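Hello,

I am passing a structure on to you, and my notes on it follow below. Please have a look at it first and then read on.

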Amino acid sequence: MQFALPADLDSWQQRVRQFVREELQPHDATIEASGEVPEAAMAGLRRMGLFGTNTPTAYGGLGLSMLGSCLAIEEIAKAHTAFYYLSGVNVHIGSKPIEFEGSEALKRRWLPELASGRTIGAFALTEADAGSDAARLKTEARRDGPGHYVLNGSKIYITNAPEAGLFTVFATADPSLGARGVSAFVVEAGTPGLKIGRTIEMSAGRGSSHAEVILEDCRVPATNLLGGEGKGFEIAMRCLDAGRTHWGAYCVGAAQQLLDLAVARASSRETFGRRLREHQGIEWMLADMAAAVHGARLVAYEAAWRYDHGTPGERTRAAAMSKLIGADMVQRVADATLQIFGGAGYSKDLPIERIWRETRVVRILDGTSEMMRRIVARDLFREADRRNAPL
Ligand SMILES: Cc1cc2nc3c(=O)[nH]c(=O)nc-3n(C[C@H](O)[C@H](O)[C@H](O)COP(=O)(O)OP(=O)(O)OC[C@H]3O[C@@H](n4cnc5c(N)ncnc54)[C@H](O)[C@@H]3O)c2cc1C
């Protein structure tokens, strides 16, 4: 077993780290105040290829392994979360539906656009009455002659919807069929009948948006159907494996950033005649944080490796575990960091409370922590049943 990163990936991570420090982090406070992501930062993300880290080179991406992609995400997570929503999310749920199941024509038309960041992709699965239980979705896909489908329904919380040039919309031929009835369609922004509804203000994530997507007699060519009728749910879950693997790495990067800030604060602030870090209570907090980050990092890298080398089942379970462990870990690290900073940590003068709010969502989106436990438990039971183990 090899624990050091290969030299090429190590130097890639150093390069992204430097880019984040010099070209992204300086904009953090402005984004939080104004809700605007500066064009210079977007241009930097594009120049670095961060909209297409894991997209094959044949379609304009960097063609990195999932581990290479996760190493970049880990660094991006050290800056304002808007950067990750725009670039990282584009790599997984924005591009993967076409990468996995698009026709050659769709891949050639859209993947280079997405990988370059010229077009942002959105993934429209969730509905007001279908979140965790996504197979209950009601958006309807009706066949309209041999060459078209007509979509009707509405989606909610769709990341980047107002900025997106392209949507993957999940819709059903018949809600009573559950997951088997769901199909996935590529819908270009501006297609008549596709409208962006209300933007939902979230607890955190200024500079990024999450909105309703409304489909009213939206007619899409049958060539935009991904993978065939009834394949949509499977496609969604496969894309979410990539998303969850990235989110695991995101949590590690955000937590590392917090830990570094906490160590710096504990090294400079004095109470009762000595530095904070010389009080055992604080020393132990920092040690627990470092151990938790290290554990989650190993799990995140393993999930990335399984994404590239494992069976579909291994990939799904490892991604779910990584997101579950990372989401919990980063919240504990954020809370401990805020505590170490005291009043300053809770104030908006420093980025701690922002990161604390930003990272809370990982327990909810791309599948809640309860759904991650469900995936892991079901895999566990399948394994036990295969072994026919006595209970
Ligand atoms: C910032 C943000 C961005 C998002 N971006 C997107 C996007 O781009 N595209 C998209 O399609 N969706 C997106 N979502 C939606 C997100 O995926 C859903 O919010 C999530 O899947 C949970 O669904 P829900 O909110 O309907 O909660 P519900 O499904 O109503 O669940 C409510 C609570 O009950 C728990 N629960 C549900 N069922 C069970 C069970 N069987 N056992 C135990 N507990 C259970 C859940 O874990 C949760 O805690 C986004 C959400 C947010 C907040």
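Strand S1 (121–124), strand S3 (148–159) and helix H13 (369–387) each supply two residues or more, that is at least two, to the shell around the ligand. Helices (H or I, at least four residues) and strands (E, at least two) are DSSP runs, numbered from the N terminus. With three residues, S3 gives the most to this shell.

Please keep in mind that this is a predicted model: local features need pLDDT of at least 70, side-chain atom pairs count only at pLDDT 80 or more, and totals for chains, interfaces and linings use all residues. Residues are numbered from 1 along each chain as its sequence is written.

In total, 19 residues surround the ligand, and the closest are Leu125, Gly131, Ser132, Thr368 and Glu370. A residue is near a molecule if its C-beta atom, placed from the backbone, lies within 6 Å of it. The shell has 10 nonpolar, seven polar and two charged residues (Ala, Val, Leu, Ile, Met, Phe, Trp, Tyr, Cys and Pro count as nonpolar, Asp, Glu, Lys and Arg as charged, and the others, Gly among them, as polar).

The chain is divided into domain 1 (7–116), domain 2 (121–229) and domain 3 (234–386), with bounds from an automatic or database domain assignment. Because domain 2 and domain 3 both give residues to the shell, the ligand lies between them.

Domain 1 and domain 3 have C-alpha centres 20 Å apart. Their contact (C-beta atoms, placed from the backbone, within 7 Å) takes 22 residues from each of these two domains.

Best wishes
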